[in-house]
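Take a moment with the sequence and the model below.

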Amino acid sequence: TRQWENIGGEVDTKAHTVTVPFDEFGYYKVMKLSRSYNDITNHNWARNILNGLYSKGFMNNLRFEQFGTDDQTTRGEFATLLVKGLNLPINSDNNRTFVDLVPGARSATWDYDRIETAARAGIVTGLTDGVFGPDQPLTREQAAVMIARALKLKLAANDSKMDASLAKAFLDSGSIEKYAGPSIMAVSKAKIMEGAAVTVPGQKKPQYNFNPKGNLTRAEAGKIAVELLKKSTKVFPKNLS
């Protein structure tokens, strides 16, 4: 198509190398991000994270002059982000998993091939029979389940012992869907997703809410994705914050 396509790459600052996966002849070029979007540059905590994700082609801007840091991330975007970040081989054809996604469908933040790849890899499932809902906002508990599946984290049995562990870890454990409990405990233990501290009068030890039904902004989703990729790949340096 005569357009540059960002294929990422792992930078080794000690060896002064960039390692990139590709299997086609063509023109390749090493580029460095020199200019970003104002809503990334002025963000109070996500500047480095979002610049890293954008420069490697894992996340795209939503508008011409705005990245969309505080827009809500969607189910389709997060699935696409995981497939790109983990460098999963595309596995898709016309035999679609979801009735609301047709081959070739895409938006600014997701595409059919990567969502289908995520489905076949067992990372995502539908909301109801055969419906994925790529443009629906992603909840924190849905993100936890996707991450646990993508990284094949060890999950505890979903029983009364799990309920007790959740209740001990999070004050709002009662609002966590049953299916998501083991995944939430796994990503919390791996320090990929954490709860928000709650001040309780008379309590010296901090307690936490997980906010399972809360929707993630793109900045928050980016932070979670970077923590995941720092643990499972060499795409980002361990000290990126």
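Is lysine 191 buried or exposed? Lysine 191 is exposed, because its relative accessible area is 53% and the cut-off for exposed is over 50%. Keep in mind that this is a predicted model.

**Two loop residues**

Lysine 191 sits in the loop that links helix H7 (181–189) to strand E3 (196–198). Its backbone deserves a look too. Lysine 191 is not a glycine, yet its phi is positive, at about 60°.

Histidine 16 also has a positive phi, near 55°, and is a residue other than glycine. Look for histidine 16 in the loop between strand E1 (10–12) and strand E2 (17–19). With 71% relative accessibility, histidine 16 counts as exposed.

Now turn to helices. Threonine 80 has its place in helix H3. Its relative accessibility is 1%, so threonine 80 counts as buried; the limit for buried is under 20%. Which residues does threonine 80 touch, leaving aside its neighbours within four places in sequence? They are Thr109, Trp110, Asp111, Arg114 and Ile115.

Aspartate 163 belongs to helix H6 (residues 160–169). Aspartate 163 is partly exposed, at 37% relative accessible area. Glycine 174 is eleven residues from aspartate 163 in sequence. In space, the C-alpha atoms of aspartate 163 and glycine 174 are 8.8 Å apart.

The table gathers the accessibility values.

| Residue | Relative accessibility | Class |
|---|---|---|
| Threonine 80 | 1% | buried |
| Aspartate 163 | 37% | partly exposed |
| Lysine 191 | 53% | exposed |
| Histidine 16 | 71% | exposed |

**Helices against H8**

How are two packed helices described?

Start with helix H2 (residues 47–55) and helix H8 (residues 218–232). Their axes come within 9 Å and cross at roughly 75°. H2 and H8 are therefore roughly perpendicular to each other. On the H2 side, the contact is made by Ile49, Leu50 and Leu53. On the H8 side, Arg218, Ala219, Gly222, Lys223 and Val226 take part. The residues of this contact between H2 and H8 are five nonpolar, one polar and two charged.

Next comes helix H3 (residues 75–85), the helix that holds threonine 80. The axes of H3 and H8 come within 11 Å and cross at roughly 25°. That angle makes H3 roughly parallel to H8. The crossing of H3 with H8 is right-handed. From H3, the residues in contact are Glu77, Phe78, Leu81, Leu82 and Gly85. They meet Arg218, Ala221, Ile224, Ala225, Leu228 and Leu229 of H8. The contact of H3 with H8 divides into eight nonpolar residues, one polar and two charged.

**The whole chain**

How many helices and strands does the chain have? The count is eight helices and four strands. Read from the N terminus, the order of elements is β-β-α-α-α-α-α-α-α-β-β-α. The radius of gyration of the chain is 19 Å, close to the 18 Å that the globule rule gives for 241 residues, so the chain is as compact as a globular protein of that length.

The C-alpha trace spans about 60 × 40 × 35 Å along its principal axes. Of the 241 residues, 39% count as buried. Sequence distance tells one last story. Among contacts with a separation of 6 or more, 69% join residues 24 or more positions apart.

Terms used: Residues are numbered from 1 along each chain as its sequence is written. This is a predicted model: local features need pLDDT of at least 70, side-chain atom pairs count only at pLDDT 80 or more; totals for chains, interfaces and linings use all residues. Side-chain values use heavy atoms; hydrogens and water are left out. Axes are lines fitted to C-alpha atoms, for helices over the stretch in contact, and angles run from 0 to 180 degrees between N-to-C directions. Angles under 35 degrees count as roughly parallel, over 145 as roughly antiparallel, 65 to 115 as roughly perpendicular and the rest as oblique. Contact means heavy atoms within 4.5 Å. Ala, Val, Leu, Ile, Met, Phe, Trp, Tyr, Cys and Pro count as nonpolar, Asp, Glu, Lys and Arg as charged, and the others, Gly among them, as polar. A crossing is left-handed if the near helix is turned anticlockwise from the far one by less than a right angle, and right-handed if clockwise. The radius of gyration is taken over C-alpha atoms; the globule rule is 2.2 Å times the number of residues to the power 0.38. Buried means under 20% relative accessible area, exposed over 50%, partly exposed in between (1.4 Å probe, protein chains only).
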